[in-house]
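These are my notebook entries on one protein model. I record what I looked up, entry by entry.

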Amino acid sequence: MEKIKIGEIKCEALRLVFPELDLHFDSDNAESINSAVANLKCDPTLKGYLDSCVGAINRALSIIESKGASKTEIKTISLKGKAKIGGMVRVPLKDEVKEAHNVIAIYQNGKSVNFTKEADGILLVESQNGEAEILYNSKIPRISEKTSDSYEIELDSAILELIPYFVRSELILGEDEKGAKDARNEFLSALNSVLIKPTGGGAVMTVYSI
């Protein structure tokens, strides 16, 4: 199954802002999505909204990341030769697991070990020399104006489908403060609902309407 593309998020966000917008594209065809967004940019009324989508999408990704909803990864590192402080091994995340946003757990020999995280991104691990497995939520790559509209974010589709709500809230903030607040709350509420669903639960269906 094709993942949701950046261009789809932009188009769905504009549909929320302009329900009457006549917009057609094939979500399974990258060129179709790129063309749809390019055509929208030709409309001076819509170009400003589209340009603002990039920052809004990144801010939505920051919220998603902060809630621990990014991809879960595990990486094995060596603790040999690392500095110790009071019996704790000092592990600099930026060097060992620079792609980690949040460390969930650390295992050694199949058992969970205690750890603390200092403000400068240093992990203090209660362990001895050897190897350790770090389970973490990875950072979500941000997009820019140069990012292709066919680019796919590595997140669950049920989460990506909610981003247009947040984008809408930012696009209309200066025109409709209440509508913007409602759209943001819709995003946060739906996101929380998706995150508490048990693994293997029913499918999440999103209808783009406010």
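Which residue in β8 is the bridge partner of Tyr 107? I found that Glu 133 of β8 is the bridge partner of Tyr 107.

Entry 1: the model. I note that this is a predicted model, in which local features need pLDDT of at least 70 and side-chain atom pairs count only at pLDDT 80 or more, while totals for chains, interfaces and linings use all residues. Residues are numbered from 1 along each chain as its sequence is written, and side-chain values use heavy atoms, with hydrogens and water left out.

Entry 2: the whole protein. I looked up the secondary structure and found seven helices and eight strands; helices (H or I, at least four residues) and strands (E, at least two) are DSSP runs numbered from the N terminus. The C-alpha trace spans about 65 × 35 × 30 Å along its principal axes. Of the 210 residues, 42% are buried, where buried means under 20% relative accessible area, exposed over 50% and partly exposed in between, with a 1.4 Å probe and protein chains only. I also looked up contacts (heavy atoms within 4.5 Å). Among those between residues at least 6 apart in sequence, 73% join residues at least 24 apart.

Entry 3: the sheet. I traced an open sheet of four strands in the order β1-β8-β4-β5, with antiparallel pairing; two strands pair if DSSP finds at least two bridges between them. β1 (72–78) and β5 (111–112) are the edge strands, each pairing on one side only. Strand β4 (residues 100–108) is joined to β5 by two bridges, and to β8 (residues 131–138) by six. In β5, Ser 112 stands opposite Tyr 107. β4 and β5 form a hairpin with two residues between them, and Asn 109 in the turn has a positive phi of about 55 degrees.

Entry 4: the cores. I define a nonpolar core as a set of buried Ala, Val, Leu, Ile, Met, Phe, Trp, Tyr and Cys residues joined through side-chain atoms within 4.5 Å. The largest has 44 residues, and Ile 57, Leu 61, Ile 64, Ile 163, Val 167 and Phe 187 touch the most other members. The elements giving two or more residues to this core include α1 (6–17), α3 (44–66) and α7 (177–195). With 11 residues, α3 gives the most. Another core, of 15 residues, lies apart from this one and has among its members Ile 77, Val 97, Ile 106 and Tyr 136.

Entry 5: helix α6. Why is α6 largely enclosed by the rest of the structure? Eight of its nine residues are buried, so α6 is largely enclosed. Among the buried ones I noted Pro 164, Tyr 165 and Arg 168. The buried residues of α6 pack against α1, α3, α5 and α7.

Entry 6: α1 and α3. The axes of these helices come within 10 Å and cross at roughly 115 degrees; axes are lines fitted to C-alpha atoms, for helices over the stretch in contact, with angles from 0 to 180 degrees between N-to-C directions. The contact includes Ile 6 and Lys 10 of α1, and Tyr 49 and Ile 57 of α3.
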